[in-house]
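Subject: Structure handover

Hi,

Here is the structure for you to take over.

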Amino acid sequence: MRYLVSGRRAAEIDRYTIDEIGVPQLVLMERAALAVAEKTASLIREPERERILVVAESGNNGGDGVAAARILHQRGYRVEIRTLNGISGQTDAYRKQVELAKKAGVPFADDLPGAEGEAGSYRVIVDAIFGVGLTRDVTGVQAEAVTWMNRRKEEGACILAVDIPSGISSETGEILGTAVRADHTVTFGYEKIGMRFAKEQCGAVTVAEIGFYLPQKSASDTEGIYYTYDPADVSRLLPTRSAGGNKGSFGHVLVVAGSEDIGGASYLAAAAAYRTGCGLVKVLTHENNRGMLQQLLPEAVLQTYGGTGDEGEEDLPAKKELGWADVIVLGPGLGQSETALRMTGRILREADCPVIADADAINLLAEHTEILMETAGRRPLILTPHMLEMTRLVERSGHPSGERLEELKRDRIRISEETAGRYGATIVLKDACTFVTDGSDGYLNSSGNDAMAKGGSGDVLTGVIAGLIAQGTDPSGAARLGVYIHGLAGDAARERLGAYSVIAGDLLDAIPDAMRIKS
């Protein structure tokens, strides 16, 4: 497990390490510069010929870059520094690093290379303009420098960012006016949460340990601190299998999914629950889906509605199904009919086991938030919206901000935490970087890839989470681990099939690979 921090918390950690622990700022800067220098050197193939350029502003991020240039120069690399001087004043640490670099003989200039031949002659360009403290749009000479660096990247230069690409919000990942498109980022101490939401801008991220101390606060003080999983966490967190167990030992999943016109979602969710290890899956779906499910998933118990002469649909699912289930999947492909609404209300009002509401169930609940308010806290509830579904849920819930999609992107963590608290639920906000919160802690996912951006992927995720809950994993923990396993399955599927050809069914086939990872 790795921690990630907000930009504000990163600044607090830096201050605490310097002011309270007493580690000199220049010591931290030298360690940071060493990490940048070593990464930069690894990108150079011909040190005697290839050139390195450090583009620096006059703050502490610029000081890191200047110090890295000095270290590279000392090691014999062809490096030079271009300073922007777009900030009024210089930090003491930056001023000291410039003094040291000039004494060491590092070439300096006060403008960017103008001639195209010279501009295109750098193998590596180091972005040391802005760090994690940036909160305003990038303008003026700094914006010109960002544009210049991005153009060099298009021409073949490798861009390495110091701590975070200039122009990226360390809090949200938002592009502040314009931003550097880095190939590599060396960040210090902890990855910043904004970097998870700006993966394309950051490129490959290296987290360098430079000697930070986390402030000693109460154990409950986690504001600005989040976490993600690594492959070793899978073995640690998977539910234990009993050698003497049977299908009852490993849990019952009820999947209420699939409508008259949409059947595949019920199959994907049910099959994923089985693949994740649960003992028995029952699918409650429309009669039209019977043949498909009997052929594709004969392992599932099947109950249908909507056939000729059916009566009592208003009582579905029956009390015996609700009492049988250890966890209920509600919503994939369910539609938004009156029958779907009745089933959604009945399950949330009467089920005692955890419920995972996905897809159509979320859209129904967005229109009928009184069901959520009435049943909040009655049983563990997991809501798994994608970004657009989340905007519907938020806008129709009386949320005071009435956020739309772009506002959600900028403030997804706060909105998710508030929504989780409002409904006593765990929120799984699905996106390129999925965020999971129960209102008290936050998980940012680090697995998965763009090949998974296909219809049905979310149905598989819902089934994975249900399979983990059925085997005894606590619901919030199952949401976090399920998201990570789902992403690992996507990574395995992409490795086998490429970025273009993965479909949701391939994720089912890759779940075993994801769950066999050992520490």
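Tyr227, Tyr229, Tyr443 and Tyr484 are linked into a cluster by ring pairs. Bear in mind that this is a predicted model. Searching the whole structure gives five aromatic pairs. A pair of aromatic rings is described by the distance of the centres and the angle of the planes.

Take Tyr227 and Tyr443. Their ring centres are 5.9 Å apart and their planes stand at 65 degrees, so this pair is edge-to-face; the cut-off for that class is over 60 degrees. Tyr227 belongs to strand β10 (residues 225-228) and Tyr443 to strand β19 (residues 442-444), so the pair ties together parts that are 216 residues apart in sequence. Tyr227 is buried, at 11% relative accessibility. Tyr443 is buried too, at 0%.

Now Tyr229 and Tyr484. Here the ring centres are 6.0 Å apart and the planes are at 80 degrees, so this pair is also edge-to-face. Tyr229 sits in the loop between β10 and α9 (232-237), while Tyr484 sits in helix α20 (residues 475-497). That pair links distant parts of the chain, 255 residues apart. Tyr229 counts as buried at 5% relative accessibility, and Tyr484 is buried with a relative accessible area of 3%.

Charges over rings come next. Lys102 has its charged end over the ring of Phe108, 5.3 Å from the ring centre. Arg241 lies over the face of Phe250, and the distance to the ring centre is 3.6 Å.

On to the cysteines. How many disulfides does the count come to? It comes to zero. A disulfide is a covalent bond between the sulfur atoms of two cysteines. The cut-off used here is 2.5 Å between the sulfur atoms. For Cys158, the closest cysteine sulfur is in Cys202, 14 Å away, so it is too far for a bond. For Cys353, the closest is in Cys278, at 13 Å, and that is too far as well. Cys158 is buried, at 10% relative accessibility. Cys353 is buried, with a relative accessible area of 8%.

Then helix packing. Helix α3 (residues 60-74) packs with helix α4 (residues 92-103) at an angle of about 20 degrees, and their axes are 8 Å apart. Angles under 35 degrees count as roughly parallel, and α3 and α4 are therefore roughly parallel to each other. Their crossing is left-handed.

Helix α19 (residues 457-470) and helix α21 (residues 504-515) cross at roughly 30 degrees, with axes that come within 8 Å. That makes α19 roughly parallel to α21. Which hand does the crossing of α19 and α21 have, left or right? The crossing is right-handed.

Some backbone points need a look. Most residues other than glycine have a negative phi, and most peptide bonds are trans. The peptide bond from Leu316 to Pro317 is cis, with omega near -10 degrees. Pro317 is placed in the loop between β13 (301-305) and α12 (319-324).

Asn85 is not a glycine, yet its phi is positive, at about 55 degrees. Asn85 sits in the loop between β3 (78-83) and α4. Its relative accessible area is 40%, so Asn85 is partly exposed.

Asp163 also has a positive phi, near 75 degrees. Asp163 is in the loop between β6 (158-162) and β7 (184-188). Is Asp163 buried or exposed? Asp163 counts as buried, at 11% relative accessibility.

Finally, two C-alpha distances. Glu407 is in helix α17 (residues 405-410) and is partly exposed, with a relative accessible area of 33%. The C-alpha atoms of Glu407 and Ala272 are separated by 33 Å, and these residues are 135 apart along the chain. Thr369 is in helix α15 (residues 369-375) and is buried, with a relative accessible area of 13%.

Over to you.

Best wishes

Key:
Residues are numbered from 1 along each chain as its sequence is written. This is a predicted model: local features need pLDDT of at least 70, side-chain atom pairs count only at pLDDT 80 or more; totals for chains, interfaces and linings use all residues. Side-chain values use heavy atoms; hydrogens and water are left out. Rings of Phe, Tyr and Trp (its six-membered ring) pair if their centres lie within 6.5 Å; planes under 30 degrees apart count as stacked, over 60 as edge-to-face and the rest as tilted. Helices (H or I, at least four residues) and strands (E, at least two) are DSSP runs, numbered from the N terminus. Buried means under 20% relative accessible area, exposed over 50%, partly exposed in between (1.4 Å probe, protein chains only). A charge sits over a ring if NZ of Lys or CZ of Arg is within 6 Å of the ring centre and within 35 degrees of the ring normal. Axes are lines fitted to C-alpha atoms, for helices over the stretch in contact, and angles run from 0 to 180 degrees between N-to-C directions. Angles under 35 degrees count as roughly parallel, over 145 as roughly antiparallel, 65 to 115 as roughly perpendicular and the rest as oblique. A crossing is left-handed if the near helix is turned anticlockwise from the far one by less than a right angle, and right-handed if clockwise.
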